[in-house]
Amino acid sequence: MPSPTTGTTCSPGSRASGKAVYIAVNRNGNACYCGKTRPTRALNRGAAATRLSQHINRSTSKRDEWVEYWVIPLRDATPDHVVSAVEKTVAARLGIPLVHRTRIPR
């Protein structure tokens, strides 16, 4: 089994440049967050690394708690509804609630 990435960088040559599901892990080794990437534009680095950086730069609590990250790369051709289903399945298997994700329609 691969080891998690420490910090906000993904390993060079990583296939996680586009669609992916990522898991943030705390110091105790517990998964505490699960998210997805579905980039709509080209990025200079992996989409998961970019999204994780956004999370920790906007939240002191996440920056303090999250110490490692797992990235599950998906093919760029993966339909968005499948990316969402993978995220929900991973979160459910790890016991991470997604209730905070409910969006209010505009």
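Select G35 first: its relative accessibility is 1%, so G35 counts as buried (under 20% relative accessible area, with exposed over 50% and partly exposed in between, using a 1.4 Å probe and protein chains only). The model is predicted, so local features need pLDDT of at least 70 and side-chain atom pairs count only at pLDDT 80 or more, while totals for chains, interfaces and linings use all residues. Residues are numbered from 1 along each chain as its sequence is written, and side-chain values use heavy atoms, with hydrogens and water left out.

G35 sits in strand β3, residues 31-37 (helices, H or I of at least four residues, and strands, E of at least two, are DSSP runs numbered from the N terminus).

Next, select Y22, the bridge partner of G35. β2 and β3 run antiparallel and are joined by six bridges (two strands pair if DSSP finds at least two bridges between them). In their hairpin, five residues lie between the strands, and G29 has a positive phi near 85°.

Now show all of β2. Six of its six residues are buried, so β2 is largely enclosed by the rest of the structure. A20, Y22 and A24 are on one side, and V21, I23 and V25 on the other. Strand β4 (residues 68-73) is antiparallel to β2, with six bridges; there W70 is the bridge partner of I23.

Finally, select V21, I23, V25, C34, L74, V83, V90, A91 and I96, the largest nonpolar core (buried Ala, Val, Leu, Ile, Met, Phe, Trp, Tyr and Cys residues joined through side-chain atoms within 4.5 Å).
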